[in-house]
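Reader: Could you walk me through some side-chain features, with the general idea given ahead of each case?

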Amino acid sequence: MAAPETSTAAVPTLYTNNTLRNAFGGVLSFFILLLIGVMAFSIRLFSVIKYESVIHEFDPYFNYRVTQFLAKNGIYEFWNWFDDRTWYPLGRVIGGTVYPGLTLTAGTIWWLLNSLNIPLSVETVCVFTAPIFSAFASWATYLLTKEVKGTGAGLTAAALLAMVPSYISRSVAGSYDNEAVAIFALIFTFYLYIKVCSWGGYTFIINLIPMHVLLCIVTGRFSSRLYIAYAPLVVLGTLLAALVPVVGFNAVMTSEHFASFLVFIIIHVVAFVYYIKGILSPKMFKVAVTLVVSVGLAVCCAVIAVLIALVASSPTKGWSGRSLSLLDPTYASKYIPIIASVSEHQPPTWPSYFMDINVLAFLVPAGIIACFLPLSDASSFVVLYIATSVYFSGVMVRLMLVLAPAACITSGIALSQAFDVFTGSIKFQLTGASSNTEVDAAETSSSTAESQTDAVKTEKPEETAKNRPSRKSKKKEREHGEKPSTKAKAEKKRLLALPLESSVISLLLLVLLGAFYVVHCVWAAAEAYSAPSIVLTSRSHDGLHVFDDFREAYAWLRHNTDVDDKVASWWDYGYQTTAMANRTVIVDNNTWNNTHIATVGTAMSSPERAAWEIFHSLDVKYVLVVFGGLVGYPSDDINKFLWMVRIGGGVFPHIKEPDYLRDGQYRIDSQATPTMLNCLMYKLSYYRFVETDGKGFDRVRQTEIGKKYFKLTHFEEAFTTHHWMVRIYKLKPPKNRIRGKTKKSKSKTSSTTSSPKRSGTKKKNPW
């Protein structure tokens with residue numbers, strides 16, 4: 001009887017060990033997640049450490065200005081704010097044209113901190129919002145990946161997302177843009193959907209989730225959990241999206257949302273079919289299914305007909321320009337040059353994939369394969385997510401940001417599975433023999449104990465045995481089923497075990513791969529993505545050079561111009577001019593009015609006098625151009641000029657791109673066309689440029705300019721920054737031109753009555 005007592009005593013000990021192991025693993029996972037969050041936050045602070053706490057790029061300045069208004073005036077004033085300092089003379093209704101998630105989030109954080117007597121400025125909160133939500137996004141990635149492949153894969157995916165360069169490029173300190181919060185919201189919504197409790201109204205989400213639901217239905221994976229997860233999503237998501245002013249009725253009137261409604265009808269038909277299957281006989285079920293499917297098809301056809309009728313009048317069939325650019329990559333270049341002109345909307349190159357996701361590009365295929373072993377609802381969602389994000393990232397380089405979480409999730413799954421295989425093989429090879437001996441001994445003692453127990457039980461009265469025949473038979477069946485499964489698992493481990501040397505070498509290679517990824521991510525965070533576009537730097541043999549021309553120009557406008565003066569520039573600099581110079585602009589980065597932008601592009605493409613008339617009609621006082629020919633700054637207005645020509649020519653046909661090209665080539669040297677050499681953009685960029693080096697050598701285009709000596713007749717130079725990167729010109733008043741015309745008309749009148757000699761001594765009109 002000693003053997004059964006030993007075996008029984010070992011059970012609670014084993015249970016206690018497992019409990020302690022699980023508790024220790026939970027605590028360790030918590031601290032690892034905490035460290036991952038700290039790492040995600042810290043790696044994004046290089047921009048503050050190397051430069052200063054400043055807002056980056058262009059769009060973040062508008063978001064910062066809106067957050068300032070929200071913090072100062074409150075939520076109700078924000079919804080009704082009409083901004084008269086942008087898009088003059090049209091203006092802009094901010095509350096009805098902006099997605100409020102980022103602004104409300106930062107405003108709430110600022111309000112909470114100030115309520116706790118932590119007096120941080122709005123700018124400081126805006127600067128650090130992106131790093132904070134990067135940590136949240138890492139934790140959300142852990143939760144999502146854990147639902148797919150367990151804790152190990154979740155921790156690995158969270159660590160990868162915390163450092164991936166593609167996400168860092170949009171979430172460094174100071175990058176106060178929508179992606180700072182949107183990526184966390186996207187991942188967390190996917191997690192809640194997988195956990196069967198989700199809501200949302202985001203275009204990518206509202207299309208990806210219906211695709212997954214339809215995939216589950218087609219592959220026979222429909223369940224009540226799927227219905228409970230999806231039905232509230234569509235209803236609540238549509239209602240919540242309609243409450244946002246910028247969305248409104250677009251939640252039910254645009255083609256981007258139609259897929260969710262169609263799948264909503266399909267899942268109700270399928271759910272009803274499964275319901276009646278459980279309450280009807282097979283014969284009645286066939287009749288009922290025919291009726292339900294017929295009615296469902298009729299409803300679907302009716303809905304599709306109504307939707308087609310709603311969008312038929314639209315030239316884009318209810319799709320937005322950006323959505324059509326994703327579905328047809330050539331659409332924007334053909335019909336909407338304003339979208340194609342944005343560098344973020346260009347297709348990525350292969351090196352950009354290596355730059356933004358690095359070694360994850362090689363791990364993604366392995367992660368996709370691991371998702372199929374076995375395939376579940378959660379893993380099928382991840383496969384669908386990575387497939388769609390890979391396609392969209394190939395259309396627009398900006399959508400590399402959407403690819404980054406999917407790549408981290410699949411790569412985390414691949415690395416976790418690989419570590420499990422290699423460490424399991426090493427453990428099996430090192431402890432295989434002793435474990436087999438212990439298992440055999442345990443099985444022998446267990447069989448002895450069972451035989452003794454059975455012998456004791458046979459001594460019991462016959463009535464007791466008759467009272468519990470089913471329990472005894474079930475126990476024996478379960479025991480007989482467990483023994484082969486244990487042996488099968490041991491045999492499977494033996495077959496899957498790799499040689500010890502191969503496992504050790506593979507683990508070392510994985511560690512080196514991870515080290516290379518960490519080094520690349522830290523370099524990208526410190527060097528490639530930490531520099532704010534408002535402050536530029538360069539290194540040379542004599543040290544570091546800082547180019548602060550943008551803030552210098554905006555400060556000059558703020559201190560040397562009237563508050564009501566209007567400033568014209570290309571739309572790239574509209575948000576910064578409004579936020580930093582506090583001056584009214586003609587166009588900005590919202591790009592909602594293509595005709596207004598085309599008007600500015602036409603003015604820049606026109607000769608000086610025609611450009612003056614256009615700007616004067618818009619009540620413009622100053623014109624700002626960005627020029628990089630002296631210091632070698634490539635993102636200047638001369639390099640963007642052809643897009644101004646294309647956008648302007650799309651609305652005003654007299655502007656033709658071939659007039660600015662010589663044999664199909666864009667040139668600014670002596671071979672440039674007369675139209676190019678006489679347009680306003682050329683003159684404002686290269687005015688007095690020859691005085692810098694005596695030759696007029698453009699360091700960006702690597703050539704000498706074609707027209708070096710000329711004077712401005714309708715504009716005068718007001719200010720040029722230290723490195724000539726920003727040049728500001730003032731429109732000459734119209735009274736000078738009117739006086740000239742008056743003198744000319746008077747002289748013509750007098751010449752008809754005076755002698756030829758007197759008319760010959762007439763003073764020439766300087767204008």
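This is a predicted model: local features need pLDDT of at least 70, side-chain atom pairs count only at pLDDT 80 or more; totals for chains, interfaces and linings use all residues.

Reader: Let's start with burial: is Thr410 buried or exposed?

Author: Buried means under 20% relative accessible area, exposed over 50%, and partly exposed in between (1.4 Å probe, protein chains only). Thr410 has a relative accessible area of 0%, so it is buried. It lies in helix α21, residues 400-458; helices (H or I, at least four residues) and strands (E, at least two) are DSSP runs, numbered from the N terminus.

Reader: Which residues does Thr410 touch, and which backbone oxygen does its side chain reach?

Author: Contact means heavy atoms within 4.5 Å. Not counting residues up to four places away in sequence, Thr410 touches Leu363, Val364, Gly367, Val382 and Ile386. The side chain of Thr410 reaches the backbone oxygen of Ala407 at 3.2 Å.

Reader: How many residues of helix α26 are buried?

Author: In α26 (residues 574-581), 7 of the 8 residues are buried, so the rest of the structure largely encloses this helix. Its buried residues pack against α3, β2, α25, β5 and β6. After α26 comes Asn582, with a positive phi near 55°.

Reader: On to aromatics: how many aromatic pairs are found in the whole structure?

Author: Rings of Phe, Tyr and Trp (its six-membered ring) pair if their centres lie within 6.5 Å; planes under 30 degrees apart count as stacked, over 60 as edge-to-face and the rest as tilted. The whole structure has 32 aromatic pairs. Trp350 and Tyr353 make a tilted one, at 5.6 Å centre to centre with 40° between the planes. These two are 3 residues apart in helix α18, so about one helical turn separates them. Trp350 is exposed at 73% relative accessibility, whereas Tyr353 is buried at 16%. In another pair, Tyr687 and Tyr729 have ring centres 6.3 Å apart and planes at 65°, so this pair is edge-to-face. Tyr687 is in the loop between α31 and α32 and Tyr729 in strand β13, 42 residues apart.

Reader: And where does the charged end of Arg646 sit?

Author: A charge sits over a ring if NZ of Lys or CZ of Arg is within 6 Å of the ring centre and within 35 degrees of the ring normal. The charged end of Arg646 is over the ring of Trp643, 4.6 Å from its centre.

Reader: Finally, how many salt bridges does the whole structure have?

Author: A salt bridge is a side-chain nitrogen of Lys or Arg within 4 Å of a carboxyl oxygen of Asp or Glu. A search of the whole structure gives 21. One of them joins Glu527 and Lys50 (3.4 Å, N to O). Glu527 is in helix α24 and Lys50 in helix α2, so this bridge ties together parts 477 residues apart in sequence. Asp636 and Arg701 also meet in a salt bridge, at 2.9 Å from N to O, and both residues are buried.

Notes
Residues are numbered from 1 along each chain as its sequence is written. Side-chain values use heavy atoms; hydrogens and water are left out. A polar contact is a pair of N or O atoms within 3.5 Å; within protein, one must be able to donate a hydrogen and the other to accept it, and residues adjacent in sequence count only if both atoms are side-chain atoms.
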